[in-house]
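Here are my notes on this one, in numbered points. Have the model open while you read.

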Amino acid sequence: MGEGPQSRLTQQSAGQQDVVITHEDVDRAHDRVRVSAARAQRGFSSRFRLLWLLVGPGILVMLGENDGPSMISYAATGARFGIGFFIPFVILTFCMAIVVQEMTMRLGSATHRGHAELIFDRFGPFWGWFSMIDLGIGNFLTLITEFIAIRAGLGFFGVPPWIAVGSALVFLYLAVAMHRYWTWERTLLAIAIFNLIFVPVALLTHPHWHSVGHALITWMPLPGGLSQDTLIIVLADIGATVTPWMLFFQQSATVDKGLTTKDIHLGRFDTVVGAALAAIAAVATIIATAPLFAHHMSAENFQGAEFAQALQPLIGRFGAALFALGIVEAGMVASVTISISSAYAFGEVARRPHSLNLPVTQGKSFYTVLFLCATTAGAIVLIPGLPLVYVVLLVNVVAVLAMPPALVFLFMLANDREVMGNLVSPLWANILATCVVVFLTLAGLLFGISVIAPKAFAFLGGG
Amino acid sequence: MTPKGKAPITITSSDQELVLASLEPEQLAGLKKHLIPRRRLNGTEKFVMWSLRIYLLFMIVVVVYQVFTSVR
């Protein structure tokens with residue numbers, strides 16, 4: 001790690017190696033002392049405290065992935081297809097996310113290395129750079145869409161675009177200004193939980209629960225059948241739950257938090273709880289906009305705020321305002337997690353300090369990458385006349401297409417006995433992970449066929 | 001809580017003891033300089049990785065084509 005002039009370091013022997021103890025290590029050690037103390041005690045309150053100390057990366061990554069474009073995709077799903085096939089489908093995608101994200105948590109806990117670092121070390125720079133290019137482009141495009149969502153959401157309240165983008169950048173700065181992983185994680189968790197704001201919005205629409213139950217059991221109806229439009233929404237909804245940045249973020253956050261192999265079972269719990277919360281918010285969003293489908297309102301060019309405006313006659317100004325706030329929150333939280341994911345990956349590959357425990361003076365490159373990505377993405381959103389609506393749906397589609405290559409790296413690392421020891425993936429996890437890769441690849445190929453030969457789906461009843 | 005901000009950061013001997021007692025050796029930031037040995041890929045692994053790379057490039061072309069036709 002780079003040794004800044006203000007991080008006077010002490011050589012200390014650990015085993016046979018001379019190591020440098022940094023400020024980052026000291027902060028992490030304080031966190032681990034609390035974990036050890038909670039683990040040493042018996043009783044319900046101690047168990048709960050241990051759980052409280054260890055949850056974080058899983059919930060954050062899942063609620064972070066319920067980002068601006070994701071919530072807009074779910075809203076578009078409800079408005080274009082109503083209550084039906086997509087409700088159980090979205091739940092299935094979150095089950096896929098659990099399978100994938102559990103592997104990253106296990107990798108981080110076992111190796112104490114970030115995802116980018118492991119790919120570079122184990123597969124070499126040739127494959128490492130492919131992976132980084134995928135991540136860099138995907139993250140940057142997604143960041144743009146987060147600012148689109150923030151701009152659109154705050155636009156509902158009459159906030160000018162430049163103030164909306166400026167506020168998001170200030171929020172990003174404040175979120176990481178604490179220079180302490182623990183404080184950052186707790187603060188962002190408290191904000192991310194507002195993703196569930198879509199639940200009261202859904203309730204305000206007085207959903208037809210019988211239809212919801214019927215959809216969950218039968219996966220029907222699917223209005224319009226299998227068509228290119230349906231496939232774009234299918235891919236957008238998959239991309240709303242499983243994307244490359246999530247792999248990099250959760251593994252790096254697991255390492256930064258300091259989780260070890262003893263924490264893996266609670267890391268799994270963290271991931272499952274995060275997926276459950278995010279699935280509830282996603283399904284609530286589909287239910288919330290389903291009345292637009294029932295009223296035959298065209299939502300093809302909606303950016304987020306338009307959904308709120310269209311819903312206003314049905315759920316009132318308060319409900320519409322909650323919806324718009326939900327879009328803003330989704331964009332704000334994700335702009336932080338995605339920027340951090342890029343900064344972690346850069347630090348891991350460039351072998352520069354990369355931790356939220358770093359003061360600015362010691363983590364200059366980490367914070368520079370973080371703010372540079374966010375500021376550039378925010379500035380792009382302010383360019384007049386940009387086709388923002390299409391970019392939002394397309395980003396999720398691109399994320400799905402980039403997932404299979406990313407998953408193969410993850411799959412191979414999670415089965416790499418030299419780095420994982422006895423913590424390699426069990427057979428059932430490998431079968432599930434293989435199913436996820438095959439499913440995502442087939443979904444992408446179907447999309448490709450629908451673009452090249454749009455009439456190929458006519459025999460299935462689609463357009 | 002250790003001091004932060006612009007003041008010089010000093011790591012005391014009690015901090016060192018705390019770190020060495022609480023963290024696993026691989027968790028120390030200084031030890032992450034050491035590379036994990038490179039893995040040798042077999043033929044099947046190379047085939048799968050190249051196939052998916054080609055798949056991604058092809059699909060990106062499809063997406064660009066789709067954007068082009070939609071805009072037109």
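1. Leaving aside neighbours within four places in sequence, which residues is Leu410(A) in contact with? They are Val100(A), Met103(A), Thr104(A) and Leu247(A), with contact taken as C-beta atoms, placed from the backbone, within 7 Å.

2. Some housekeeping: this is a predicted model, where local features need pLDDT of at least 70, side-chain atom pairs count only at pLDDT 80 or more, and totals for chains, interfaces and linings use all residues. Residues are numbered from 1 along each chain as its sequence is written, while chains are lettered from A and ligands numbered from 1 in the order in which they are written.

3. Leu410(A) and Val100(A) turn up again in the largest nonpolar core, among the residues with the most contacts inside it. That core has 157 residues (buried Ala, Val, Leu, Ile, Met, Phe, Trp, Tyr and Cys joined through C-beta atoms within 7 Å; buried means 20 or more other C-beta atoms within 10 Å of the residue's own). Helix H14 (residues 305–350) of chain A gives the largest share, 24 residues (helices are DSSP runs of H or I, at least four residues). Domain 1 (10–54) and domain 2 (57–458) of chain A both contribute, so the core lies between them; the bounds come from an automatic or database domain assignment.

4. A second, separate core has eight residues, including Val26(A), Ile11(B), Leu23(B) and Ala29(B).

5. On chain A overall, buried residues make up 58% of the 463. The C-alpha trace spans about 70 × 50 × 50 Å along its principal axes.

6. As for the interface, 55 residues of chain A are in contact with 43 of chain B.

Methods:
Two residues are in contact if their C-beta atoms, placed from the backbone, lie within 7 Å. A residue is buried if 20 or more other C-beta atoms lie within 10 Å of its own, exposed if 12 or fewer, and partly exposed in between; C-beta atoms are placed from the backbone. Helices (H or I, at least four residues) and strands (E, at least two) are DSSP runs, numbered from the N terminus.
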